[in-house]
Each structure stands twice: as C-alpha cells, then as structure tokens.
Amino acid sequence: MLIFEQSVAGRHARAQAPRQPITLSGIPDAQRRKTPAALPQVSEMQAVRHYTRLSQLNFSIDTHFYPLGSCTMKYNPRGCQEVAALPGLVSRHPYAPESHSQGILACFHELQEMLKDITGMAEVSLSPAAGAQGEFAGVAMIRAYHESRNDTARTEILIPDAAHGTNPASAIMCGYKVREIPTGTDGDIDLDALADALGAQTAGIMLTNPSTLGVFDRKIETIATMVHKAGGLLYYDGANLNAILGKVRPGDMGFDVIHMNLHKTFSTPHGGGGPGAGPVGVSERLKPYLPIPMVGYNGDDYYWLTEKERPETIGRLSAFAGNAGILLRAWAYARMLGREGMHRVAEFSVLNANYMLKKLIDAGFQAAYPERRATHEFIITLKREASELGVNTMDFAKRLLDHGFHAPTTYFPLLIPECLLIEPTETEDKSTLDGFIEVMSKIEREARETPDVVKTAPHNLPVKRLDDVLAARQLDLRWRPKAV
C-alpha cells in the first residue's frame, strides 16, 4: 500500500515539529505556493511503519547473498563507518584552516601512502568522487602527458571488448577515438589484433586485470611492452582490487595510471548509485598532472597541495577534496586489515570464487572458460539451457529471488552468450555458497521438468515479473489521487 493511500484528512505528526514557527519571509511572494503540497496526512507511527516495511522488502547485503559480478557486494564492517562518523571528522567544515584540520589531513595523507603501496604507483590523488570520474581523470592525465610532449597525433584509446562500459565513455569525453581489441578464445587479449591496432595514433590502452571475464591476463607484461614501445600509456581500471590485494600490483605490471573504486574494495556499501570514491594513482611520468587538492607532509605539518604547488595539474574535480566520508571509511578499513589482512581478502575472494566454479561445473553447468582458474569472479554460460529448454539467464535470475538470493550480474560481458558473472566475495561462508549452488541446481531441474515455473518467476515477492522494455519506455512513477 502506498503511503498516500493511508492518508486521512487532518491527521498529522507534530510531536517533534519545531517549536518556533517556520517563516517564509525570505521567499518572494511570486515563488510561494498558492496551495499546500499534496503530501500524505499520516501519523508518525504510520510513517515509521510504512518505511520500515519498505526497507524489509529490499534485497541488500545485510539481508541476502548478493553475488553481483564486477560489483563486489561484500559485507562492510560497521566499525569503519563509526570511525568516519566521529564528531571531530563529521563536524569539520570544508573551509576549516589547515591548522585546525591536522587530524583529517593525516588520515588522507596516510591513505594516499597506503594506496601507493598497494598499487605500486609513484603518487596518489584522492580527489575523484567516483570510479567513472577517476577514469576520466586517468585519461585526462594521459592526454596532458602527450600534449606536454607536443605529441598531438595520438588520437586513439584501445579498449578490450570485455571492458566496462564506462571505459569508452571516459575516452570519448577526453576527446579520443576508441578502437576495440578482441579477446582470444582463452580469455586473454588477442596479441595479434593488438599489434595491428598499435601505432603513432595510439595514446594508450584501458585494461582491467583480472578482466571482467574473471581471468587474469597472463600476457600483461608483453602487452605493456608493446604499448610502451608504440609510445602509448597503460590505464588500469581498478573497479575491483579484491583479487590482487597484496599479491600483485598494477605498477609492477607496467601500468602508468590506475583508478581505485574504494566503494567496492575498501568498505563502503556499494549500489544504489553512490556514494563513491575513485582515487587515481600514477607512475613517475604522470605525477605533475594529478588532480588537486592532494595532501602533503613536511615532517611537522600536513597541508593542501594546490595549483600553486602543482601548476601542470589537470585541475579540480570537485568543490573540495572528494567524498571525505568514503575516504575515511577506506582509511579505517585499511588500518583495520593491515598488510596481512589485505592478503587474506585476496586469498578468500579467489578461494570462494574457485570453489563455486568447481561445484557448479560438477553440478552440470558450463563455464565460459573451463580451462582457466577463476580470480575473484567467474562466468557461467546458460546458452545450453536457453537453447534446449527455452529457459534463459534472466529466468534463472528471477527465480533465484524466490529462494532468497540476489542474482549475479546478467548478460555482461556482452561477448559471452547467456552470461552469469558471479562474484561471491571474501565475506561469505561455505554454507552460503553451498546454498546458492544447491538452488542453482534446483532451478536447473525445474527448467527441465516445469519450465513455466522458472519462466514466470518471481512468484513470492511483492512485485512479479515486469515488462522491462515497457517499463523503460513508458516509465510512470507518479501517484495521482482518485477523482472525487
């Protein structure tokens, strides 16, 4: 029931209303309402119960297993949020002087240093406020580097066919053309196709490694050598670092710039469109172009590095210093884990993924790359089920909801037919993984014996199967009162 449908004229919740009347003296008459807003008239208890019930209908990492591939929907320790909410941090005004901000600046500086160590980069800026903005900053720095050398003939960015969709968007926003590089049948980049694409027009290549195919590209050092020899730079899409923390560093692979999604790997609840943070790290040659502000340290005091200290910077990406609360959560998470704890994150995320992959193969499902070991995620293809039984990936995804599991990522990457990209993360226990595998097997049996049950799922949720195309084309979220 909508909260509007509970409305009764004259009902209100004024027990906690402001004691002083609210005046509109500062608002011009022409901009004031002539009639009251059509808000529901309900009691405080009705409002609390309504929104509490809505929250209980949601799938979330706090209530369900959420194996979204490429998204890292893992449990985020509440202690990190408590640290970020300490009064001295939350209450600091963005314009507070450096002398009154030594605590938070110390946290930011230490986070910069820890991210440098984790990624093998020469320097890090925390200012990008999201992964996509971090991508934009990374490509903008590549462009600034080439322009500083008067190498203006470099007009192309190379992007694998399995890349995140934001990669080509970021490249185009920075004024580059995009050339797609195919993936080989083994999941690694096609080196022959890469060699054909490289040339004087190549500004760089954008890669995720491990890729969204759930495998680690074994030819990465060769790729780095080829791109650098052609005069291009390597950009690392660090949307997810769960598989490599403490095990391998992008800087050691030969990458020149990386963005890091702190809202996936480093303890901020992911999903729902934010909040995010996408710090960027660079090799020595790109240090002058890092976005500002950054935090410097002279041995005694912490201070902001601005245009004065960084005249070649690509500039500012936000009003102040990025999403401070997210950065503080990441700092607390890194401090909580320590170096050995980060090793365990990688070990258990990879262990869980490979355990699930093996068990699903044993249950009769097809892996996209059966000869390859999984990283933090892996792909199951349901093309056989779609062909033989008429039950597709989306049908499986909807039926999983009936059993209390959020679906993995569906139909991405696009080059794998009937794709399920599964990422269990390091925070799930074996019984949860076994439960998911058992339910997948049950749905497969249903697809053979009673396919209509799967094709019409979900059955026990508040909202049944929607027409996705109609909803996208004729979206209507308005409520209209019944005519009296």
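Is R399 buried or exposed? In the predicted model, R399 is buried, its relative accessible area being 10%. The side chain of R399 meets that of D402 in a salt bridge with an N to O distance of 2.8 Å. D402 is likewise assigned as buried, at a relative accessible area of 11%.

Across the whole structure, a search finds 28 salt bridges. One of them links D434 to K430, with the closest N and O atoms 2.9 Å apart. Both residues belong to helix 14 (residues 430-449), where a spacing of 4 residues corresponds to about one turn of the helix. D434 counts as partly exposed because its relative accessibility is 26%, a value between the limits of 20% and 50%. Shared partners also join salt bridges into one network comprising D117, R249, D252 and R339. Within this group, the side chains of R249 and D252 form a salt bridge at 2.9 Å, N to O. R249 is partly exposed, with a relative accessible area of 29%.

A further surface feature is nonpolar. I22, L24 and I27 make a patch of about 300 Å². I22 is located in the segment that precedes helix 1 (44-57).

Terms used: Residues are numbered from 1 along each chain as its sequence is written. This is a predicted model: local features need pLDDT of at least 70, side-chain atom pairs count only at pLDDT 80 or more; totals for chains, interfaces and linings use all residues. Side-chain values use heavy atoms; hydrogens and water are left out. Patches are made of residues with over 30% relative accessible area and no salt bridge: like charges are joined within 9 Å, nonpolar side chains (Val, Leu, Ile, Met, Phe, Trp, Tyr) within 5 Å. Accessible areas come from the Shrake-Rupley method with a 1.4 Å probe; for residues, only the protein chains shown count as cover. A salt bridge is a side-chain nitrogen of Lys or Arg within 4 Å of a carboxyl oxygen of Asp or Glu. Helices (H or I, at least four residues) and strands (E, at least two) are DSSP runs, numbered from the N terminus. Buried means under 20% relative accessible area, exposed over 50%, partly exposed in between (1.4 Å probe, protein chains only).
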